[in-house]
Every structure is written in C-alpha cells, then in structure tokens.
Amino acid sequence: MANILLLGAGFSKNWGGLLAREFFDELIGDFMIREDAPSKDVLWLYRNNFEQALEHIQITSIAEPTVDNINRLHRFEDAIRRLFGKMDGIFKDKEFFLRDAEGRRDGNATPNAFLSLFNKIFTLNQDLLLEIHHFGRPEFMQDRWRGGWLPGLVSNKGPDDPKRFADGTWIVNGSLDVADSYQPYYKLHGSINWPGDGMMIMGGGKATSIGANQFLTGYHSVFADTLNAPNTRLTVIGYSFGDDLINKAIEAAVKECDLKIFVIDPRWSDIANKFDAAFREWFTHAVIGSSQEILYLLRDDSMDRHRLRGFLSGK
C-alpha cells in the first residue's frame, strides 16, 4: 500500500506561513503597491483572496495591454514574490517541531518523522518550508530515505549540499524518474526558487497555465497516475479543495479506484459545509478520517493519532 501526502497553505501556516486571505495585510503595505492607486483598489476589492486580485490585474493587462497595465502586473507579481521571500525568511528562523499536551516542544514526535511516512509528497505551496526543514535536513528523515528528490529538476548547487533545496536555484533537467531511496517531492504549482516564465502558477486560469507548461503538466500527470494506482491512500493537510484541477484528479481516483482520504485542516468543518451536493456525494464516500490539528496530531495520547495510524496502515 502506498501513502501519499497532499499539502496546502494550511500546513505552512503552522510555522508562520500565510493563507491566501492573509496576503492582503502584507501586500497592501508593499512599497510598490501602496504608491499605485489602481493596485490598491483591486486589492481592497478582493481582500479575502490575493489570487483573485492578481487575476483581475492579469485580465486587465491582456484586455488593455498598455504600458501602465503591463507594468502594474509585473509590480504586483514582484510584490508577491517579495512576500514569499519574507515568509521563507520567517521559516528559517522557526524551529520545526510538534507540541505535547501542555503545548511544549515534543522531542518524541517530529514533523520529519511524520513526513517520512509518505511514499510521495505533493504540494500546492510555492514556499520553501519543506526545503528548509525537511529535505534540507536529511539527518531527520529517518532510516527510510537518503534525502529528498525534486523530479525533473537540478539545482545550481552541488548534489551533496543539503542547502541546495532552500538556497539553490532549480531548473528543468528532463526525466521525472526518481533515484532509489529518495523521497519524491512534487510542487504542482511551481516554486519561488524555480526561475523562468510559467514556473510559478498564480492568479486565474491555473488549468490553462499548467496546460501550457509541459513540465508542470507532467507533474500533474504523475499526481493523477499516483492516485489511480491500486492500494493508494491520500492524506490531505491544509488544502481547502478550491482547485478544480486537483479536485477532478481526486474525484476520478475516488470513483474509478476507490481512493480513500484522510483530511487534516483547522477549518475542516467550515470547508466541508461549503461543498455543493455533487461534490459531497463522492467526497464523503472517500473521506474515512479527519482531524482539525496537525501540531497535536502525533501526540501519543491523541485520538486523532490513533485514527491516522489506522488509516496509514490500511484499516
């Protein structure tokens, strides 16, 4: 049986990352945005979702490709990249640990041990939390893995340098094959440290943007093929099920291969209540476990831990 992990922004949130609705507070104060009235107006209009604001500016730059509109789009994208850089700086200053029942650091349960349980990790996040604290620290990846592997990419730093994950620049290098004993890590929307046009998917029209990028299309094919493999179980952390492309891949695996899902999200009840009838019909059949917390999930005395342990063992 294969255990697969899918991460969303709610995972990084535990160590200082921002959810989409929280980007507004940071972006509205960016020096390039606060000096541009149209950018501020759009941000206020879509203050609960920065990607909708970006989509608005993207559409405007296409419909009216004036110098001002194109420059506005570039400034807005640069502001978002600066914010990702700020988040990654916060991650570097954070300790990567879980908490015990009293809220203290738990030396017996680490995020690395948890992450190392999975045959493959997929993420919609573009930050570098895992590159900094998991793949960049192979000594914490337990005996199962020699290290991490970004399929089809190569870093400008040496292959034996653990800092290549967080501090390196990664460029496309062909085959999506994974070396033996390395844990595969697929960033389905690209990454802040992948240079090149179309290598960081933001804003509207994600399906179209991914379809125009052969490399990311390959990643999504791997995601779909992995979910459809026999005896696969999917654990989802911090993803609010708002991406149609991802949802369709999961739905197909549920219906055709009886994929089972365990969901971990602090807003899980609110998310589930927003599902329409058609989504709920197949999704509720697939979800056989859930929890609202990750930081306490691995406590020895946690009921959630027992449920997750049973799920990962195929029960």
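**View 1. The side chain of T232 reaches the backbone oxygen of T226 at 3.4 Å.** That makes a polar contact, meaning a pair of N or O atoms within 3.5 Å; within protein, one must be able to donate a hydrogen and the other to accept it, and residues adjacent in sequence count only if both atoms are side-chain atoms. You'll find T232 in strand 9. With a relative accessible area of 8%, T232 is buried (buried is under 20% relative accessible area, exposed is over 50%, and partly exposed sits in between, using a 1.4 Å probe and protein chains only). Setting aside neighbours within four places in sequence, T232 is in contact with A2, I4, T226, L227, L259 and K260, where contact means heavy atoms within 4.5 Å.

A quick word on what you're looking at: this is a predicted model, so local features need pLDDT of at least 70 and side-chain atom pairs count only at pLDDT 80 or more, while totals for chains, interfaces and linings use all residues. Residues are numbered from 1 along each chain as its sequence is written, and side-chain values use heavy atoms, with hydrogens and water left out.

View 2. Two strands pair if DSSP finds at least two bridges between them; helices (H or I, at least four residues) and strands (E, at least two) are DSSP runs, numbered from the N terminus. As a general point, strands of a sheet pair through backbone hydrogen bonds, either parallel or antiparallel.

**View 3. Strand 10 (residues 260–264) is mostly covered.** Five of its five residues are buried: K260, F262 and I264 on one side, I261 and V263 on the other. Strand 9 runs parallel to strand 10, joined by five bridges, and I237 stands opposite I264. Four bridges join strand 10 to strand 11, also in parallel, and there the bridge partner of I264 is S291. Strand 9, helix 11 (residues 244–257) and strand 10 make a right-handed β-α-β unit; right-handed means that, with the strands pointing away from the viewer, the path from the first strand over the helix to the second runs clockwise.

View 4. Strand 4 (residues 120–123) and strand 8 (residues 182–187) pair in parallel over three bridges, with F122 opposite Y186.

**View 5. F279 and W282 form a tilted aromatic pair.** Their rings are 4.8 Å apart centre to centre, with 50° between the planes. Rings of Phe, Tyr and Trp (its six-membered ring) pair if their centres lie within 6.5 Å; planes under 30 degrees apart count as stacked, over 60 as edge-to-face and the rest as tilted. F279 and W282 are three residues apart in helix 13 (residues 277–286), so about one helical turn separates them. F279 is buried at 13% relative accessibility, and W282 is buried with a relative accessible area of 7%. W282 also pairs edge-to-face with F283, at 5.5 Å centre to centre and 90° between the planes. F283 is buried at 2%.
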